[in-house]
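Please keep the sequence and the structure in view while reading.

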Amino acid sequence: MGESYLILYHGLSYGDCIPRIPVLNIMIKLKYCNFLLFGFQKINSKSFKKNSKSTVFSSNNYNYKFKTFTETETTDKDFSIGTVKSLCIKNIEPLWIFNFRLDSLKHLYHMRIPEWSNCKIDHIPLKNLTFYSALLQNSNSFTNEQNTKSSENGSFNGTAVDLVVDSISVSTSYQKELFKNGIIFSNLSQSIQNYPDLISRYLGGVVSLRDNYYTCLNSAVFSEGTFVYIPKNTICPMDLSTYFRINGSIIGQFERTLIVAESNSKVSYLEGCTAPFYSTNQLHAAVVELYASEGSDIKYSTVQNWFPGDSDGKGGIYNFVTKRGLCDGKKSRISWTQVETGSSITWKYPSVILKGDYSIGEFYSIAVTRLRQQADTGSKMIHIGSNSRSKIISKGISLENSHNSYRGMVYVHNDCKKAKNLTQCDSIILGNSSYANTYPYIVIKDSSASLEHEASIAKIKDDQIFYLQQRCIDYDEAVNLIVGGFCKEVIEELPFEFLTEVNELLNSTILTRVG
């Protein structure tokens with residue numbers, strides 16, 4: 001077994017390199033990003049090779065970045081059963097996980113890449129991707145420090161954070177404190193080892209491995225993610241959060257998130273995403289599964305700010321994510337709230353299956369596209385239980401040469417009595433070459449259902465700006481006021497931790513393109 005050494009170097013200040021989202025603000029205070037500073041570590045290399053990151057493609061308009069020069073431990077560029085075996089060996093996974101991966105791989109060979117959207121996609125050959133990449137650094141010092149600080153505080157006064165970089169979870173905070181209340185908050189690889197009964201019961205239960213091409217791909221090669229379990233009659237005393245970071249230029253990130261809320265429990269989960277900019281495209285194909293029992297409440301909030309590519313459409317993340325929740329019990333509730341400002345191409349349709357009677361599903365979304373971004377996003381509400389209710393509020397903002405589409409479905413099954421749905425899709429076009437589309441699908445199989453759908457599209461009018469400027473409001477602030485009022489319904493649903501950051505993100509994104 002050979003031995004090698006690694007020097008980690010970072011040449012930027014915290015103010016230059018850390019995105020302004022709550023997750024990383026907390027990480028700064030806790031010295032979470034210890035791998036960004038000088039470090040020296042002894043590592044063992046056996047069946048995995050060490051690669052240096054390629055040259056970063058710079059852009060002055062993308063502020064959510066940090067540049068690191070590190071070595072990584074990766075698998076070979078290949079996509080075969082050997083890749084699946086390597087992942088299982090690396091993570092020391094049980095036989096049933098290997099069979100789960102193998103079954104997914106077999107079905108993937110018979111599936112085709114979706115071609116029904118309006119997005120123009122340059123195909124990324126799977127054989128050219130790296131399916132496992134781990135930064136060679138040691139987070140034990142942080143883990144010990146964080147546990148000490150948590151014990152000294154003796155209370156829940158922050159946000160529990162799980163940091164996932166490429167294919168590994170660097171560390172997870174507040175695990176011991178949460179576990180005292182019976183709450184499990186852990187990365188997925190550890191959860192498979194420590195809680196195999198829970199994982200085997202719920203993994204793939206809401207999103208089938210055969211659901212679509214990218215869920216099948218994820219099920220075969222997933223490497224990390226987050227597992228949350230809230231026991232009966234428990235309200236999680238603090239927000240739980242995961243920050244996902246793609247750090248390499250040829251890395252595919254395939255994380256899975258699994259959240260289970262037992263009866264009469266409640267949890268709020270936050271998710272943040274960023275990536276450095278490269279001239280090549282990277283693939284992000286994630287799966288999120290939510291399970292809500294009787295009387296439980298899950299609120300899932302996302303601020304997605306992957307690198308969107310440059311003005312010529314080069315680089316950027318292909319963001320193909322499947323998110324689905326199951327309201328399995330009576331009076332259960334699942335709420336999705338998301339702000340999408342990044343990635344070159346986005347396919348995402350957070351959905352809720354309303355199986356329980358009087359269950360509630362909600363979806364609130366702001367999708368901002370600029371440069372040459374393409375977004376095809378929306379939601380699905382599947383009504384099965386009687387008296388189930390759902391709400392879809394979607395706000396789209398299109399700038400420059402971007403394409404922004406809403407695609408949603410409301411499906412009311414047979415014998416689903418008195419189901420109700422409200423769908424509202426509004427779009428603003430700020431670019432002369434951008435466009436916005438709406439594709440609603442409504443299927444009603446019970447005459448007692450009540451559905452409302454409204455859609456609007458508009459541009460910011462000159463007389464609106466002129467009116468505000470006559471009140472001594474400058475142009476930038478006038479646009480802020482108009483856009484803020486347009487997105488008000490969604491912003492009000494965001495957790496308090498995200499409010500300031502989302503406002504700043506939207507303002508800086510839009511004013512950079514309009515002002």
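## A helix and its packing

The buried residues of helix 4 pack against helix 3 (81–91), helix 7 (188–194) and helix 9 (213–221), where contact means heavy atoms within 4.5 Å and helices (H or I, at least four residues) and strands (E, at least two) are DSSP runs numbered from the N terminus. These buried residues, meaning those under 20% relative accessible area (1.4 Å probe, protein chains only; exposed is over 50%, partly exposed in between), are Ile97, Phe98, Phe100, Arg101, Leu102, Ser104, Leu105 and Leu108. Helix 4 covers residues 95–108, and its 14 residues reach 20 Å from the first C-alpha to the last, close to the 20 Å expected at 1.5 Å a residue, the expected span being 1.5 Å times one less than the number of residues.

This is a predicted model, in which local features need pLDDT of at least 70 and side-chain atom pairs count only at pLDDT 80 or more, while totals for chains, interfaces and linings use all residues. Residues are numbered from 1 along each chain as its sequence is written, and side-chain values use heavy atoms, with hydrogens and water left out.

Ten strands form an open sheet with mixed pairing, in the order 7-6-10-13-16-18-21-24-26-28; two strands pair if DSSP finds at least two bridges between them. Strand 7 (168–172) and strand 28 (450–458) are the edge strands, each pairing on one side only.

Strand 26 (residues 420–429) pairs with strand 28 in the parallel sense over nine bridges, and Asp426 stands opposite Ser456 in strand 28. Helix 11 (residues 475–486) packs on the sheet, where it touches strand 24 (389–398) and strand 26, and its direction makes about 160 degrees with that of strand 24; such angles run from 0 to 180 degrees between N-to-C directions, with axes as lines fitted to C-alpha atoms, for helices over the stretch in contact.

## Two crossing helices

The axes of helix 10 (residues 462–469) and helix 11 come within 9 Å and cross at roughly 115 degrees. At their contact, Gln464, Ile465, Leu468 and Gln469 of helix 10 meet Tyr475, Ala478, Val479 and Ile482 of helix 11.

## One buried valine

Val321 lies in strand 17 (residues 316–327) and is buried, with a relative accessible area of 7%. Not counting residues up to four places away in sequence, Val321 touches His284, Ala286, Trp347, Lys348 and Tyr349. The C-alpha atoms of Val321 and Ala285 are separated by 5.2 Å, although these residues are 36 residues apart along the chain.
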